[in-house]
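Biologist: I'd like to learn how to read aromatic contacts in a model. Can you walk me through them?

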Amino acid sequence: MSKNLIVIATLALAPMFSAQEMVTKPVQSYQTVQYQSKKKAFVDALLAKMTLDEKIGQLNLPSSGDFTTGLAKSSDIGKKVEQGLVGGLFNIKGAEKIKAVQKVAVENSRLKIPLIFGMDVIHGYETTFPIPLGLAASWDMNLVQQSARVAAKEAAADGINWTFSPMVDISREPRWGRVSEGSGEDPYLGSEISKNMVYGYQGKDLANGTNILACVKHFALYGAGEAGRDYNTVDMSHVRMFNEYFPPYKAAVDAGVASVMASFNEVDGVPATGSRWLQTEVLRNQWKFKGFVVTDYTGINEMVDHGMGDLQQVSALALKAGVDMDMVGEGFLTTLKKSLAEGKVTQAEIDMAARRVLESKYDLGLFDNPYKHGDAKLAAKEVYSLENRNIARSAAAQSMVLMKNENQVLPLKKSGTVAVIGPLVNNSMNMAGTWSVATKHAVSVNLMQGLQANYGKDIKFLSAKGANIDYDAKLEDIYAAHGKKTDRDNRSKEALLKEAVDIANKADVIVLAIGESAEMSGESSSRTEITIPQSQVDLLNELKKTGKPIAMVLFTGRPLALTNVKDAPDAILNAWFAGSEAGNAIADVLFGKVNPSGKLPMTFPRSLGQVPIYYNAKNTGRPLSQELTDKCEYQRFRSNYMDECNTPLYPFGYGLSYSKFNYSDVTVSNANPKGNQTIQASVTVTNSGNYDGAEVVQLYIRDMVGSITRPVKELKGFQKVMLKKGESKKITFDITPESLKFYNGDLKYDWEAGEFDIMIGTNSEEVKHSKINWTK
């Protein structure tokens, strides 16, 4: 056991931000009229000095490759930087490397224009937090913002000043692997997370050297690809776009996000990268976005395969749509000069794109000090610090969702013998999950290390693998992407099972860790089946035969169909992929140091055939009655399945606690409000259990009659409240006409008078009701 693990285990969990530390609105100095005027004058003067090649160069974002510091000037990238043909670089890591390249830009190029340096800092830098879907399960906006703040400070210390995060794509499609990188299915929760991630990255002043540019992605609708297949076609009505999929993007824009990334998919028959309606009409004209738009990796080039023309044609299409920066493809760099000469683009369009990139560099303060991001001494102190790891540990524990706990198997007793079994029990490389580019994987705390470090003095832990991730070695090799090996064991399945059963028989209780490996979800990780692989199901069933209590720890980056495994374990704790401190955080929850409070941000289906399934659906003209829905009974000529229930296995907002929370009836301050009033809806929540704990109290509203069909319920508010055992608190939500607004058939954002069902509860299915009638 390393000394680091033992030290970490002794620390108290880190407190979250105080209210004073939170950024609640974009208050950067560059919002002032005086600042904007000064910036415009500076950029005007700079543009006047630039050649056409240098302007186009600002629109070029190549990948750096992994060159050494000494080759910064002589490399191909270095030569282009010298010539003013590069606006920024990404995938370069380390303060000294970045400083060396920046030095080429500001000392060797003609106009000394600094570069921006980007990286996929998705859920932490070297200190890695839970995957975004897991972090969303915390429903804690202080925590969400703090995770981005820690990531920004670490990345900035190491030279990075731009992150390609947050990903805010709404998705109801668990086959799509990138649900792991988003915040789930709900536009309200997604919007709250979106703006708080932006606040965390960008802070109050972009130029202070510890904040970085955020980039909201992928604009737009990437999470709605047909059949859950990555990069696939998207087709939906504008009413659905504006009401269900656009809100988190707009929330980021309203929060002052500095950049936006275009998505790969098509929208209305046009690839998003080439959609003027998206990039200019919606983003800039309607939402008043002032930053710059960057493509996703080779997004311009890929429009050729979409059938939109050759590289010159699609590059011109992207520029005219409103794209400002070309990631990797170099379509702008190699074709725009020709397109300008042929009249296919204008000088004004090139100038505007260059202006937007230069203005962002000005906002970062790079023209005053191009080296303000990246300090090797500061990085040594700030990056992967004990303090940051402790914060990540706390975040991970708060993100976990207790999905089952029969006979109060959890929390575990701090005595006896525990069998810890599963294919990832001793695997540090998979703890951080997908999109963990800068993570120190080798020293991430795995499950066995966390248990031993925290409770090894009092408890005897026995370990066995029990099964490989999958019986299919070829599939498992595909799963082991980006160096995240699954440590496949070549013994027979019988030998693996026998070892696990023998270990289990010596124990008082079994902790069984099964599910996905890290890269079974993420980009390009779509699955046609969303069940736990059969190798691990067989392991669970064999261990069940021992008669020992089983606490199942679920590793997953997506909702899984758990119907075939849910009955066997006594408890199920969804740990997602919990980051650098995964093992310590899981130990904290399993043994009760932390009472789980996570709630699902995405519905878990009973079977794949139900997908897409989400809580805020609409009624059909032939809905199944609530009584038959609850009984899972079939009725002909109603909207239901012959072979499956309509209801999910675990609904949106679901999550148990070691304690029990009781809800009073809902009371409203005025059942007949009129006009632009504010009313209060309240419940009293009581912790009637034996443990102090946090509960996420959720407000849902249903518009009973509308000019267009309305969802059966919509999340409109939530509060995470801490209650000591036996304590009661009155929880109140303010409701205004703003809470009732939606985009109608004319895409007008407004509310309509009528009857509304006000619901408050512990998840989207278990709610108390009160009706109001609101007139204009």
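Biologist: How many aromatic pairs does a search of the whole structure find?

Modeller: The search finds 34 aromatic pairs. Rings of Phe, Tyr and Trp (its six-membered ring) pair if their centres lie within 6.5 Å; planes under 30 degrees apart are stacked, over 60 edge-to-face, and the rest tilted. Mind you, this is a predicted model, where local features need pLDDT of at least 70 and side-chain atom pairs pLDDT 80 or more, while totals for chains, interfaces and linings use all residues. Residues are numbered from 1 along each chain as its sequence is written, and side-chain values use heavy atoms, leaving out hydrogens and water.

Biologist: Why is the pair Tyr-35 and Tyr-362 edge-to-face?

Modeller: Because the planes sit at 65°, with ring centres 5.6 Å apart. Tyr-35 is in helix H2 (residues 33–49) and Tyr-362 in helix H15 (residues 347–363), so the pair ties together parts 327 residues apart in sequence. Helices here are DSSP runs (H or I, at least four residues), strands likewise (E, at least two), numbered from the N terminus.

Biologist: Is Tyr-35 buried or exposed?

Modeller: Buried means under 20% relative accessible area, exposed over 50%, partly exposed in between (1.4 Å probe, protein chains only). Tyr-35, at 17%, counts as buried, and Tyr-362 is buried at 14%.

Biologist: What about Phe-461 and Phe-591?

Modeller: They form an edge-to-face pair, 6.3 Å centre to centre with 90° between the planes. Both Phe-461 and Phe-591 are buried.

Biologist: Which residues form one aromatic cluster?

Modeller: Among them are Phe-219, Trp-277 and Tyr-743.
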